[in-house]
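Subject: A structure for you to look through

Dear colleague,

I am passing on a structure that I would like you to open beside this message. Please look through it once on your own, and then read the notes that follow.

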Amino acid sequence: MNILLTSAGRRTYLVDYFKEALKMAGQGGLVHAANSQESPAFFNADRQVVTPLIYDQGYIPFLLDYCRKWHIDLLIPLFDIDLPVLSASREAFARQGTMVVTAEPAAIEICNDKWKTFRALKARGILTPKSWLSAEDAVRAAEKGEVSYPLILKPRWGMGSLSVYQADNKEEAEVLERKIRKEIRESYMKYEAAKDWEACVILQEKISGRELGVDVVNDLKGNFRTAAAKVKSNMRAGETDGAMTVSEPRLTELGMALSGLLRHKGNLDVDVLESGGEYYVLEMNARFGGGYPFSHAAGLNLPYALVMWASGREPEEKFLQARTGVRGQKDIRILVY
């Protein structure tokens, strides 16, 4: 069995997890990595490939050819802007024997578009911060007493805490909205934001409380299998740097609800805030997130489960469970090539 991780970046641990998973499952095969050679995970893989840019017209034809040549069984995207592109082409990959492990396009839209996230969660009765698509609307809501300052402003199609700001009053909200729109146009966020330039910034109520992350695991048919929760202790550039696994049944119930909503394959990375005894969903990513290694360290082994499911077998139940009370922190190491 051969596996391709796209946009692997600094996730050398995922390359190692999948290498080990193939051995544990008694499968031959290699772990491949794309897209940029300027990343440590790229060189940690068994094979490497530099692809065209994600939004290049040649990107999908290139990957289809590569997957056919190397008999890739599982293609696992690891970057938000990669998800909609690969998901839209999942049937073309499937026809040649490659499964794209993510959600279907409509579910990717819900995850990547924070306005659609807000609307989908609200429709399901799942708590999430109040949101607006213009400073004018948010300011009007504040004047009516529907929300209090400060407000959080961020790109509607954003990631990695890029261009996230806090506005303490009307004037700041209006200035920051313009600033974020300018920053979006100068970054790779411009590709998805092009869908709606006039409403590419989202304003949300600020909710203060305990930060948690949940890995919601579905099998390759989109069925819920487990959820692993952790309390975050350290963050860096929007990614979890330190966390401890916890047992909170209500988060498992939340995971089941989100699983049913999205029917994704593999992992759904969910950011949650606990405030006043209530859980608020902030964001969802239909991919392995930066918090997954803490679930893995506690015993959940999704790479192994994916390999087993792809080969028509069931993983042992112990690999679908994360022990609680396991605390971890990410470290920095130097890879020499």
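In which loop is the place of serine 163? Serine 163 sits in the loop between E7 and E8, where helices (H or I, at least four residues) and strands (E, at least two) are DSSP runs, numbered from the N terminus. Although serine 163 is not a glycine, its phi is positive, at about 55 degrees, and with 14% relative accessibility this residue counts as buried (buried means under 20% relative accessible area, exposed over 50%, and partly exposed in between, with a 1.4 Å probe and protein chains only).

Before going further, please keep in mind that this is a predicted model, in which local features need pLDDT of at least 70 and side-chain atom pairs count only at pLDDT 80 or more, while totals for chains, interfaces and linings use all residues. Residues are numbered from 1 along each chain as its sequence is written, and side-chain values use heavy atoms, with hydrogens and water left out.

The chain as a whole

The chain contains 13 helices and 15 strands, and its C-alpha trace spans about 65 × 45 × 40 Å along the principal axes. For 337 residues, a compact globule would have a radius of gyration near 20 Å, and the chain agrees with this, having 20 Å; the radius is taken over C-alpha atoms, and the globule rule is 2.2 Å times the number of residues to the power 0.38. Of the 337 residues, 55% count as buried. If we take the contacts (heavy atoms within 4.5 Å) between residues at least 6 apart in sequence, 64% of them join residues at least 24 apart.

The sheets

Strands of a sheet pair through backbone hydrogen bonds, either parallel or antiparallel, and here two strands are said to pair if DSSP finds at least two bridges between them.

An open sheet of five strands has the order E3-E2-E1-E4-E5, with parallel pairing. Its edge strands, each of which pairs on one side only, are strand E3 (47–48) and strand E5 (99–100). Strand E2 (residues 31–33) is joined to E3 by two bridges in the parallel sense, and alanine 33 stands opposite glutamine 48 in E3.

Another open sheet is formed by four strands in the order E6-E9-E7-E8, and its pairing is antiparallel. Here the edges are strand E6 (131–132) and strand E8 (165–167), each pairing on one side only. Within this sheet, five bridges connect strand E7 (residues 151–155) with strand E9 (residues 201–205) in the antiparallel sense, and leucine 153 has leucine 203 in E9 as its bridge partner. In the loop between helix H8 (135–143) and E7 you will find proline 150, and the peptide bond from tyrosine 149 to proline 150 is cis, with omega near 5 degrees.

Strand E10 (residues 210–218) is largely enclosed by the rest of the structure, because seven of its nine residues are buried. Nine bridges join E10 to strand E13 (residues 266–275), and the two run antiparallel; the bridge partner of aspartate 215 in E13 is aspartate 269.

Some single residues

Alanine 41, in helix H2 (residues 40–44), is buried, with a relative accessible area of 0%. Leaving aside residues up to four places away in sequence, alanine 41 touches Ala8, Gly9, Arg10, Arg11, Thr12, Val15 and Ala33.

Valine 281, in strand E14 (residues 278–285), also counts as buried, at 0% relative accessibility. Although valine 281 and leucine 127 are 154 residues apart in sequence, they are 6.3 Å apart in space, C-alpha to C-alpha, and leucine 127 is among the residues that valine 281 touches.

Serine 259 belongs to helix H11 (residues 249–262) and is buried, with a relative accessible area of 2%; among the residues it touches are Val216 and Asn218. Arginine 263, in the loop between H11 and E13, is not a glycine but has a positive phi of about 50 degrees, and at 43% relative accessibility arginine 263 counts as partly exposed.

With best wishes
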